[in-house]
Amino acid sequence: RMLVSVASLAKARMRVDAGELDQVITRRLRDAIPRGMHSVLKLHLRFVWLFVETVVAAIHDAVDLPHDTISFPDMVYLPAVSGIESGRYDVVIVDETQDMSRAQLEVARNALVDGGRMVVVGDDRQAIYSWRGADANGMDRMKKLLGAQEFPLSITQRCPVEVVKLCRRWVPDFRARDGAPAGHVHVLRYDPEHMPWTLGGMVLSRTNAELVHLALETIQ
């Protein structure tokens with residue numbers, strides 16, 4: 001599973017450099033191995049490089065071998081590296097650019113006619129899909145690659161004023177629309193026994209493990 005995962009990640013990022021793959025693999029192994037056993041990684045450098053060589057070979061095979069079947073990552077990677085066009089358009093618009101991998105962005109660029117215009121829309125502060133190969137620097141890279149002019153979309157039509165004030169800690173140019181409601185923000189400490197639970201309420205979490213833990217404590 002890890003071989004497939006790393007190969008897919010490399011294809012999405014269009015990077016087959018052994019040094020970079022070594023870093024990715026070591027990080028994946030560190031995440032997969034219990035904390036108390038991280039020292040074991042140092043004893044398996046030979047294994048890691050064998051892993052790297054296997055992934056590099058798999059990526060080259062994906063391009064070189066005749067294909068009866070291809071993987072989902074190949075459906076993007078192969079057109080990107082071979083320059084296969086999905087059409088030729090005067091204008092290509094890419095939304096959620098921060099979630100796009102380098103390979104996906106390359107496929108979009110290949111669909112543009114010479115002299116055409118490409119519009120990329122996204123929010124670099126919401127780039128949270130690097131784990132599946134999204135290019136966290138995709139916005140800046142495409143801006144440089146295209147020589148693009150930047151138009152900010154810093155006014156939120158959704159959030160109330162107090163939420164915007166809170167968000168400015170991380171996004172200083174964030175602004176509320178004219179006439180936005182004041183709203184309110186409650187900062188609550190995590191305590192399942194004293195949480196103000198309401199029917200139909202919702203709890204959001206970055207990881208499932210935290211939600212399971214909270215659910216079991218709440219049931220108790």
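Analyst: A crossing of two helices is left-handed if the near helix is turned anticlockwise from the far one by less than a right angle, and right-handed if clockwise. This is a predicted model, in which local features need pLDDT of at least 70 and side-chain atom pairs count only at pLDDT 80 or more, while totals for chains, interfaces and linings use all residues. Residues are numbered from 1 along each chain as its sequence is written, and side-chain values use heavy atoms, with hydrogens and water left out.

User: How many helices and strands does the chain have?

Analyst: Helices (H or I, at least four residues) and strands (E, at least two) are DSSP runs, numbered from the N terminus. This chain has eight helices and four strands. Along the sequence their order is α-α-α-α-β-α-β-α-β-α-β-α.

User: Is the crossing of α4 and α5 left-handed or right-handed, and at what angle do they pack?

Analyst: The angle is taken between N-to-C directions, from 0 to 180 degrees, and the axes are lines fitted to C-alpha atoms, for helices over the stretch in contact. Helix α4 (residues 72-82) packs against α5 at about 55 degrees, and their axes are 8 Å apart. Angles under 35 degrees count as roughly parallel, over 145 as roughly antiparallel, 65 to 115 as roughly perpendicular and the rest as oblique; α4 and α5 are therefore oblique to each other. Their crossing is left-handed.

User: Which residues of α4 and α5 meet?

Analyst: Contact means heavy atoms within 4.5 Å. From α4 come Val76, Pro79 and Ala80, and from α5 Ala103, Gln104, Glu106, Val107 and Asn110. Five of the residues in this contact of α4 with α5 are nonpolar, two polar and one charged. Here Ala, Val, Leu, Ile, Met, Phe, Trp, Tyr, Cys and Pro count as nonpolar, Asp, Glu, Lys and Arg as charged, and the others, Gly among them, as polar.

User: At what angle do α5 and α6 pack, and which residues meet?

Analyst: Helix α6 (residues 138-146) packs with α5 at an angle of about 30 degrees, and the axes are 11 Å apart. The crossing in which α5 passes α6 is right-handed. Arg102, Leu105 and Arg109 of α5 meet Gly138, Arg141, Met142, Leu145 and Leu146 of α6. The residues of this contact of α5 with α6 divide into four nonpolar, one polar and three charged.

User: How many salt bridges are there?

Analyst: A salt bridge is a side-chain nitrogen of Lys or Arg within 4 Å of a carboxyl oxygen of Asp or Glu. The count by this rule is seven. One of them joins Arg109 to Glu106, at 2.9 Å from N to O. Arg109 and Glu106 lie three residues apart in helix α5 (residues 102-110), so they are separated by about one helical turn.

User: Is Glu106 buried or exposed?

Analyst: Buried means under 20% relative accessible area, exposed over 50%, and partly exposed in between (1.4 Å probe, protein chains only). Glu106 is buried at 16% relative accessibility, and Arg109 is partly exposed at 30%.

User: Which residues are linked in a network of salt bridges?

Analyst: The network links Glu85, Arg88 and Asp114. Within it, the closest N and O atoms of Arg88 and Glu85 are 3.7 Å apart. Arg88 is partly exposed at 39%, and Glu85 is partly exposed at 45%. A salt bridge also joins Lys143 and Glu150, at 2.8 Å from N to O. Lys143 is partly exposed at 35%, while Glu150 is exposed at 54%.

User: Where does Asp99 lie, and with which residues is Asp99 in contact?

Analyst: Asp99 lies in the loop between β1 (89-94) and α5. This residue is buried, with a relative accessible area of 14%. Apart from neighbours within four places in sequence, Asp99 is in contact with Gln104, Gln126, Ile128, Tyr129, Arg132 and Ala134.

User: What is the phi of Glu96?

Analyst: Glu96 is not a glycine, although its phi is positive, at about 55 degrees. Glu96 lies in the loop between β1 and α5 and is partly exposed, at 41% relative accessible area.

User: How do I read the chain in its totals?

Analyst: Of the 220 residues in the chain, 25% are buried. Among contacts between residues at least 6 apart in sequence, 55% join residues at least 24 apart.
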